[in-house]
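Okay, thanks for coming, everyone. Let me put the model up on the screen, and then I'll walk you through the parts I'd like to talk about.

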Amino acid sequence: MDTDIHKYIEIRKALHRNPELKYEEFDTGKLVAEHLTNLGFEVTTGVGKTGVKAVLYTNRPGPTIAFRADLDALPIAELNDFEHKSQNEGKMHACGHDGHTASLLCAAESLMKAKDAYCGNIVIIMQPAEEGGAGAKAMIDDGVLENPRVDKIFGYHNRPGFKQGLVFVKSGSAMGGNTSLTVKILGKGGHAAMPHLSHDPIVAGSSFVTQVQTVISRKLSPLNSAAVTVSEFHAGQGHNVISSYAQLSLSVRSDHKKTDDLLVFEIEKTLRCVCEQFNCTYELINELSIPALVNHRQETTDVISACKKSFDSQSLLEIDYMPTMGAEDFSFYLLERPGCYFFIGNGEDSAYLHNPHYDFNDNNIAVARQVYMDLAQFYLGRND
């Protein structure tokens, strides 16, 4: 296969220089759409607002498989000083979506060149708004898994802390779910010198912050994985004033929907009891809920089987633990279709994801391309 990997390294660096936030991926989407069109794919833009769908039709009967990459960056000020650092102030590809996109574009070229070796169809999904925008759901709602109907779906994420190029999978719960909650506590304001005449929402909120941690330690089985983080607490505007209002933000991470349901139920019960104690009322708002990512057993096994010809035993691994509680909205696709979200090591010394010093390891473009090619051959390879 004569695909020029260096060309896609340059594309990756160009994407890194021009990061765009969720549902603002206009330049990124344009670049991706033009590239896929030039390769010969049938391209549809504006899927899920700023996403791109591309289809390779072999015109031979067979299954349809989909490969997905994410387009969006993060609102982080980059602290790297290399040549391809972000040129958009306060925005950064700090999670490697630039690399995921370049990898799939590289694979798309190789897949098109090998078109005659396949039956069925290949759908390329370039998704917006993975970072807190549920872009996967937006694309699904716009029909990205239909016409042609996708039978199986795959994607990957780079993982700092693991050997560069290591391809690994986890069947079942592989990444955490993320439910973002806003808590509003309504009290009765007053003079700081007369607290007995007020209903202090700051005291109520402070009590809630400490008590909500017992939801994990005393309400959840130690065999489950979860985390509850209070990430914001806003209240008050003066030294001598008791506020009438407090607002908190919570990030709830879980290994399964049942775990998430239990956590949200117990969080609200804790909030209700605290507010009753301090004569306050509350509102609990679910801002966003990303399900836990649960890989399908057969498709996870298939990734290993498909890649055995291309990767030695030291570069291919199935693990039996969750590598991260971080969320990934690829989980929405896995609720609709069987598939697997695999991982590729970004290097043991790599800065971690969402870190202002992070950078994608360009050596993984070729690694990811090969996995996609192996999966296409495994599912769509012609036997005639």
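Predicted model: local features only at pLDDT ≥ 70, side-chain atom pairs only at ≥ 80, totals over all residues.

I'll go through the pockets, then the annotated positions, then some backbone details and the aromatic rings.

The largest pocket holds about 720 Å³ of space. There are 33 residues lining it, and the ones closest to its centre are Glu131, Gly132, Asn178, Arg253 and His354. Where does the largest pocket lie relative to domain 1 and domain 2? It lies between them, because domain 1, which is 5-174 + 292-380, and domain 2, 177-290, both give residues to the lining.

Now the second largest pocket, at about 200 Å³. Its lining has 16 residues, and His256, Lys257, Pro291, Ala292 and Leu335 lie nearest the centre. The elements giving two or more residues here are β8, α7, β13, β14 and α9. Domain 1 and domain 2 each put at least three residues into this lining. By type, we get 7 nonpolar, 7 polar and 2 charged.

Okay, on to the annotation. UniProt, in an unreviewed entry, has the feature "binding site" at Cys95, His97, Glu131, His157 and His354. In sequence they span 260 residues, but no two of their C-alpha atoms are more than 13.1 Å apart, so they gather at one spot. And which of them are in the lining of the largest pocket? That would be Cys95, Glu131, His157 and His354.

Glu131 sits in the loop between β4 and α4, and at 16% relative accessibility it counts as buried. His354 is in the loop between β16 and α10. With a relative accessible area of 39%, His354 is partly exposed. Its phi is near 65 degrees, which is a positive value in a residue other than glycine.

Asn147 also has a positive phi, near 50 degrees. Asn147 is in the loop between α4 and β5, and it's exposed, with a relative accessible area of 66%. The peptide bond from Asn147 to Pro148 is cis, with omega near 0 degrees. Pro148 is in the loop between α4 and β5.

Last topic, aromatics. Searching the whole structure turns up 11 aromatic pairs. Take Phe67 and Tyr372: their ring centres are 4.7 Å apart and the planes are at 45 degrees, so this pair is tilted. It ties together distant parts of the chain, with Phe67 in strand β3 and Tyr372 in helix α10, 305 residues apart. Buried or exposed, these two, Phe67 and Tyr372? Both Phe67 and Tyr372 are buried.

Then there's Phe378 with Tyr379, where the centres are 5.1 Å apart and the planes at 90 degrees, so we call that pair edge-to-face. Phe378 counts as partly exposed at 38% relative accessibility, whereas Tyr379, at 15%, counts as buried.

And finally, ring pairs join Phe162, Phe168, Phe330, Tyr333, Tyr341 and Phe343 into a cluster.

That's what I had, so over to you.

Methods
Residues numbered from 1 in each chain as written. Heavy atoms only, no water. 1 Å grid on protein atoms, 1.4 Å probe; cavity = no way out; pocket = protein on both sides within 12 Å on 5 of 7 lines; lining within 4 Å. Points joined across faces, edges and corners; volume = space filled by probe spheres on them. Domains from an automatic or database assignment. Helix = DSSP H or I, 4+ residues; strand = E, 2+ residues; numbered from the N terminus. Nonpolar A, V, L, I, M, F, W, Y, C, P; charged D, E, K, R; others polar. Phe/Tyr/Trp six-rings, centres within 6.5 Å; stacked < 30°, edge-to-face > 60°. Buried < 20%, exposed > 50% of the residue type's maximum accessible area, 1.4 Å probe, protein only. UniProt positions renumbered as here; feature names shortened; annotations may be inferred.
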